[in-house]
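Hi! Here are my notes on the model you asked about. Have a look at the picture, then go through the points one by one.

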Amino acid sequence: MDCFRLRSLSYGGHVVASAPLRKRIAFVAGNDGSETEVFMKAVVVENYDSIDGISIKEMPMPDVSAGEVRVKIGAAAVGFVDGLKVQGLYQTKDPLPFVPGTEFAGIVDATAADVIAFSPGAPVIGMTRSGALAEYISVPSAALKILPPKIPFEAGASFQANYLTGLYALSARADLQKGETLLVLGAAGGVGIAAVQLGKLMGARVIAAASTPEKRDFAVRYGADDTIDYTKADWRDTLKALTGGHGPDVIFDPVGGEIALQAFRSIGWRGRHLVVGFASGTIPALAFNLPLLKGGALLGVDLAQIQQREPETHARLIAQLFDWLASGQLSPVVGKVVPFEDFREAFKTMQSRSALGKMIVKFA
Ligand SMILES: NC(=O)c1ccc[n+]([C@@H]2O[C@H](COP(=O)([O-])OP(=O)(O)OC[C@H]3O[C@@H](n4cnc5c(N)ncnc54)[C@H](OP(=O)(O)O)[C@@H]3O)[C@@H](O)[C@H]2O)c1
């Protein structure tokens, strides 16, 4: 491991540079009145050359400013977007160097004097623009929620982004009804498997489409009623047969590309196609006559805008998700768990299209 100490970088959405360092990093006081900086380990991206070029470094432990909480991270998630970010392929780029990681779970380590909602020792989950692949992170208290009892950090770190995206899509956008048929594309991926579970919880019949037997078995384990191998040329015939010729009522689509175009051609009358992402790498272009002929709708889903644009819906859906989590009706799927030191494996698994659920990096 590199023990090079970074003095200037961006993490948790903040830039830490030498000048404002005093305000942002943690010090311990000595008996003689001296102060010593405290360091922690973090995954640091210094260039976009390759995943092998990303390494663990020492950097100053963040202090807490007004309104902030410092969390000792127990587990952090690595999703598709994290994979794009460390390669410089995401639509927004963090200034280099930066600490990746947007979702985490852990224990409150310290709070600013004006924070009353959290106390040291409380288990929490949180979301951030970056900085979660580190031993500690300081975030505004509003970015945190209490983790219900008995939920492991690995499950907590996998929860918010994918399940909120899934519930917003299926509930607030598609208005999925009990007894309707939901087709989930990329059903064994992070957001796909969340949609499979949520679709079942909402009383739908769920058809999971995925590229390998292992991925389809995984989707069945989490509730899918039927599966489709959408790498086969005749997969639309299978879908037609499974839906008695009607086609799915709702399509949850984090894949895009040619698969998305084919799926829309199979959608049922008044069907709703949820545009969630483009994991295939291609944004499809749909001919407008198809929604006309199907009486169908394309519905956009963007997690990043929900809280700001629809605060009431956001609060309602979050409350629903945490109710289901606390009552045990919903258990977030934990994908492969790798130790902090092996963080590269999480990114490489995402990159090779072989992840089942969301990858988790666990801290000692
Ligand atoms: N709109 C939002 O708010 C929102 C929120 C979360 C995620 N997303 C987006 O949703 C997409 C999926 O995210 P995720 O975290 O679920 O990713 P993931 O875990 O990697 O899953 C993506 C799935 O897409 C399928 N896929 C098809 N072609 C692929 C390709 N060329 N490379 C990789 N995967 C491919 C894979 O399933 P098969 O092998 O079975 O085909 C894979 O399991 C991403 O585009 C992400 O940005 C959007």
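1. Let's start with a question: are R272 and E180 buried or exposed? R272 is buried, and E180 is buried as well. Here buried means under 20% relative accessible area, exposed means over 50%, and partly exposed is in between (1.4 Å probe, protein chains only).

2. Before going on, a word about where this comes from. This is a predicted model, in which local features need pLDDT of at least 70 and side-chain atom pairs count only at pLDDT 80 or more, while totals for chains, interfaces and linings use all residues. Residues are numbered from 1 along each chain as its sequence is written, and side-chain values use heavy atoms, with hydrogens and water left out.

3. The side chains of R272 and E180 form a salt bridge, 2.8 Å from N to O. R272 sits in strand β16 (residues 272-275) and E180 in the loop between α4 and β12 (181-184), so you are looking at a link between distant parts of the chain, 92 residues apart. A salt bridge here is a side-chain nitrogen of Lys or Arg within 4 Å of a carboxyl oxygen of Asp or Glu, and by this rule the count comes to 10. As for the element names, helices (H or I, at least four residues) and strands (E, at least two) are DSSP runs, numbered from the N terminus.

4. Another one of these bridges joins R205 and D226, with the closest N and O atoms 2.7 Å apart. R205 is in strand β13 (residues 205-210) and D226 in strand β14 (residues 226-229), so the pair ties together parts that are 21 residues apart in sequence. R205 has a relative accessible area of 25%, so R205 counts as partly exposed; D226, at 21%, is partly exposed too.

5. Now find helix α12 (residues 343-351), where T349 lies. T349 is buried, with a relative accessible area of 11%. Leaving out residues up to four places away in sequence, T349 touches S354, A355 and M359; contact means heavy atoms within 4.5 Å. K348 forms a salt bridge with D52, the closest N and O atoms being 2.6 Å apart. That pair links distant parts of the chain: K348 is in helix α12 and D52 in the loop between β5 (39-44) and β6 (55-60), 296 residues apart. K348 is partly exposed, at 36% relative accessibility.

6. Next, look at helix α4 (residues 160-173). Of its 14 residues, 11 are buried, so the helix is mostly covered. The buried residues include Y163, L164 and L167. After α4 comes D175, whose phi is positive, near 50 degrees.

7. What does α4 meet in α11? Residues of α4 including Q160, Y163 and L164 meet residues of α11, among them T313, H314 and W324. The residues of this contact divide into 10 nonpolar, 5 polar and 1 charged (Ala, Val, Leu, Ile, Met, Phe, Trp, Tyr, Cys and Pro count as nonpolar, Asp, Glu, Lys and Arg as charged, and the others, Gly among them, as polar).

8. Last, the strands. Strands β8 (residues 103-111) and β9 (residues 123-127) run antiparallel and are joined by 5 bridges; two strands pair if DSSP finds at least two bridges between them. F104 has G126 in β9 as its bridge partner. β9 also pairs with β11 (residues 144-146) in the antiparallel sense, over 3 bridges, and there the partner of G126 is L144.
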